[in-house]
Amino acid sequence: MNDPKITRPVGVNKNGYASGGVKVEESPQNLHLDPRSQTSIRGRNYVAQGDSVDVKGTKAIRKEKKPVKATRY
């Protein structure tokens with residue numbers, strides 16, 4: 001008996017997960033030395049401070065024409 005060839009739908013890899021998509025760049029983390037680890041002999045730890053971006057805001061804020069900032073980590 002001949003088995004029919006099994007075909008996958010377009011956009012699915014051999015494991016069944018979706019393939020393709022949009023490449024998203026990783027934003028810089030703006031790393032700073034943790035103040036508690038400055039004098040440590042065991043090592044240095046860095047803490048992400050995030051970066052500030054301008055966002056649209058809500059409808060009420062847009063009416064007031066106030067700039068809205070957000071911090072992304």
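Author: One term before we start: helices (H or I, at least four residues) and strands (E, at least two) are DSSP runs, numbered from the N terminus. This is a predicted model, where local features need pLDDT of at least 70 and side-chain atom pairs count only at pLDDT 80 or more, while totals for chains, interfaces and linings use all residues. Residues are numbered from 1 along each chain as its sequence is written, and side-chain values use heavy atoms, with hydrogens and water left out.

Reader: OK, how many helices and strands does the chain have?
Author: There are four strands and one helix. Along the sequence they come in the order β-β-β-α-β.

Reader: And where is confidence lowest, and where highest?
Author: Going by pLDDT (the predictor's confidence in each residue, from 0 to 100), helix 1, residues 59–64, is lowest with a mean of 70, and strand 1 is highest at 88. For the chain, the mean is 79, and 92% of its residues reach 70 or more.

Reader: What radius of gyration does the chain have?
Author: The chain has 24 Å, whereas a compact globule of 73 residues would be near 11 Å. That radius is taken over C-alpha atoms, and the globule rule is 2.2 Å times the number of residues to the power 0.38. The C-alpha trace spans about 75 × 55 × 15 Å along its principal axes.

Reader: How much of the chain counts as buried?
Author: Of the 73 residues, 7% do. Buried means under 20% relative accessible area, exposed is over 50%, and partly exposed is in between (1.4 Å probe, protein chains only).

Reader: Is S37 buried or exposed?
Author: S37 counts as buried, because its relative accessibility is 4%. You'll find S37 in the loop between strand 1 (31–33) and strand 2 (46–48).

Reader: Which residues is S37 in contact with?
Author: With neighbours within four places in sequence set aside, S37 contacts G43, R44 and N45. A contact means heavy atoms within 4.5 Å.

Reader: Switching topic: how many salt bridges are there?
Author: The count is two. A salt bridge here is a side-chain nitrogen of Lys or Arg within 4 Å of a carboxyl oxygen of Asp or Glu.

Reader: Why would side chains like that pair?
Author: Side chains of opposite charge can pair when their charged atoms come close.

Reader: Which side chain does R36 meet in a salt bridge?
Author: R36 meets D34, at 3.3 Å from N to O. R36 is exposed because its relative accessible area is 72%, while D34 counts as buried, at 10%.

Reader: And what about K69?
Author: K69 and D54 form a salt bridge through their side chains, also with 3.3 Å from N to O. This pair links distant parts of the chain: K69 is in strand 4 (residues 68–72) and D54 in strand 3 (residues 51–55), 15 residues apart. Both K69 and D54 are exposed.

Reader: Back to Y17. Where is Y17 found?
Author: Y17 is in the segment before strand 1. Y17 counts as exposed because its relative accessibility is 59%. Leaving out residues up to four places away in sequence, Y17 touches G11 and V12.

Reader: Last one: where is L33, and how exposed?
Author: L33 sits in strand 1, and L33 counts as partly exposed because its relative accessibility is 30%.
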